[in-house]
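Me: I would like to understand how the words used to describe a protein model follow from the values behind them. Could we go through the structure below step by step?

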Amino acid sequence: MFRRLLRDSVIYSASTALARGVQIILIPVYTRLLGPAEFGVVDMVAVFGALVNLTVALEISQGVARYLADARDESVRRSYASTAVIFSIGAYGTFALVSLTLATPLATLLFGSDQWASALRIGIAALAINGLFTLLQDLLRWRLAPGAYLLASLAYTLGNVGVGIYLVGFAGAGVAGVLWGQVAGAIAGAAVAWYCMAGFVVVSFDVGRLKEMLGYSGPLVLSGIAVFANQFVDRIAVRELLGIDSLGIYGVAARFASMVGLVTVALQAALTPLVYQRYRDPGTPLELARIFRFYCAVMAPALGALALFSPEIIAVFSGPSYRAAKDILPVLAVSSLLTTLYIFAPGLFLEKRTGVVAGITMTAAGVNLVLNLILVPTLGMRGAALATCCAAAIAFSGFMMSSQRLYPVPHAWTRIGNAAALALVLIVVGIWLSSDQPGLQPELLAVKSLLIGAVALVSVLCVLNPDDRELAWRWFSNVRANA
């Protein structure tokens, strides 16, 4: 399992870097061509899109994932997949028709003005096509086809970047150009994913299997709404209490913070199908615990690096209007990490306790909302980031404690605590240094780099046990020998 995970994770890392990394790649271009208010509009479309993806198709992708793992006959798997795709086409088509009709009042609700209604119409088309693309790409993942998954990600990235940069940078299309780029990327990615299915998705619709999948995924809709609240209530609070310009700055910080999640999303893409297929194996909990230790050993210095270098990242990759984003980037990076750690607590999903999942996420969402209302008026964008971080920590704790009762995994909590302590030290130092840092300073860059290197070494010694280090050395030796 560990070797298969390493191989697939490398491929999924490339896919994730393409799909999510495109948001980072485009920031230096868009922040120099769009003002904070315009970037705020783009970010609000992304917020709206997250809610759409979590609700419109009733989380059918979660249902098909769970039942494909248990199906042993290819015709049965094909039936589940085809039913899910046809249902999603109908759901997203209905959403697009209704939303296009209501584009003007929706624009006023989302952006505070109907002047962005025409841009929103393009965004609605992008959201609908992207929803179908995401499902098709997920099917490739559940079929353990990471190579095809990578090709679909590449097509999405090329379409998005190529069309977006041309329309914004050369045609002066502004916000509309950004959204047309997303349309092009989603069409290209969906086309490649469909081709890679090679007849796996056919014209077949089974009502009984749809009920099975929705019976599993239905409670996850409430959970999805709560996840949406946990991830985006801070942006909604910033938009309502501080304005669309502040949302643009906050959105830039959130996109850079998501770099922490790139590794986790890639790991999730590779790990979840393997756990679903092998969770009955007595050795799987031990492997899962080991993977978590390796993950923590890597992410402690990575998270600290993002915090330490937040002023340089913002200065180099965004315009001067977005400088305030450096103050909230470290806290948002912690939130981004915490929201993805549930992959190491699979018990609720394996036992199909989706109602408990919904309860945990809804509780965290309520805490997030209350804290945002309290902290944003007094602390501004920093308050929003702190509120989201606290809610993410509560959700992770709930998932882990509930999962351990259903599917115990022997996590080494002392070693994981060492990783958390190392990351916290770097984050505090990074926030302290960034408060008075006027610009790029070579001496300070050198000190930060040495500090990251030292923490990485300590992380290997304090987070990994001797067997882990021996395994890592053998793997490294094999890679070097085969290079």
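Reply: Let us begin with helix α7, where 20 of the 26 residues are buried, so α7 is largely enclosed by the rest of the structure. Buried here means under 20% relative accessible area, exposed means over 50%, and partly exposed lies in between, with a 1.4 Å probe and protein chains only. Helices are DSSP runs of H or I with at least four residues, numbered from the N terminus. This is a predicted model, in which local features need pLDDT of at least 70 and side-chain atom pairs count only at pLDDT 80 or more, while totals for chains, interfaces and linings use all residues. Residues are numbered from 1 along each chain as its sequence is written, and side-chain values use heavy atoms, with hydrogens and water left out.

Me: How do you know what span to expect for α7?

Reply: The expected span of a helix is 1.5 Å times one less than its number of residues. For the 26 residues of α7 the expected value is 38 Å, and the helix reaches 37 Å from its first C-alpha to its last, which is close to it. After α7 comes Leu144, whose phi is positive, near 55 degrees.

Me: Why are α5 and α7 called roughly antiparallel?

Reply: Two packed helices are described by the angle between their axes and the distance between the axes. Axes are lines fitted to C-alpha atoms, for helices over the stretch in contact, and angles run from 0 to 180 degrees between N-to-C directions. Angles under 35 degrees count as roughly parallel, over 145 as roughly antiparallel, 65 to 115 as roughly perpendicular and the rest as oblique. Helix α5 (residues 74-101) and helix α7 (residues 117-142) pack at about 170 degrees, with their axes 9 Å apart, and α5 and α7 are therefore roughly antiparallel to each other. By class, their contact has 15 nonpolar, 3 polar and 1 charged residues; Ala, Val, Leu, Ile, Met, Phe, Trp, Tyr, Cys and Pro count as nonpolar, Asp, Glu, Lys and Arg as charged, and the others, Gly among them, as polar.

Me: What makes α10 roughly parallel to α17?

Reply: The axes of helix α10 (residues 207-242) and helix α17 (residues 354-379) cross at roughly 10 degrees and come within 7 Å. That angle makes α10 roughly parallel to α17. Their contact has 19 nonpolar, 7 polar and 1 charged residues.

Me: Why does Thr31 count as buried, and which residues is Thr31 in contact with?

Reply: Thr31, which is in helix α2 (residues 21-33), has 6% relative accessibility and therefore counts as buried. Contact means heavy atoms within 4.5 Å. Leaving aside neighbours within four places in sequence, Thr31 is in contact with Phe39, Val252, Phe317, Ser318, Gly319 and Tyr322.

Me: What makes α4 largely enclosed?

Reply: In helix α4 (residues 60-70), 9 of the 11 residues are buried, so α4 is largely enclosed by the rest of the structure. Among the buried residues are Ile60, Arg66 and Tyr67.

Note on methods
Helices (H or I, at least four residues) and strands (E, at least two) are DSSP runs, numbered from the N terminus.
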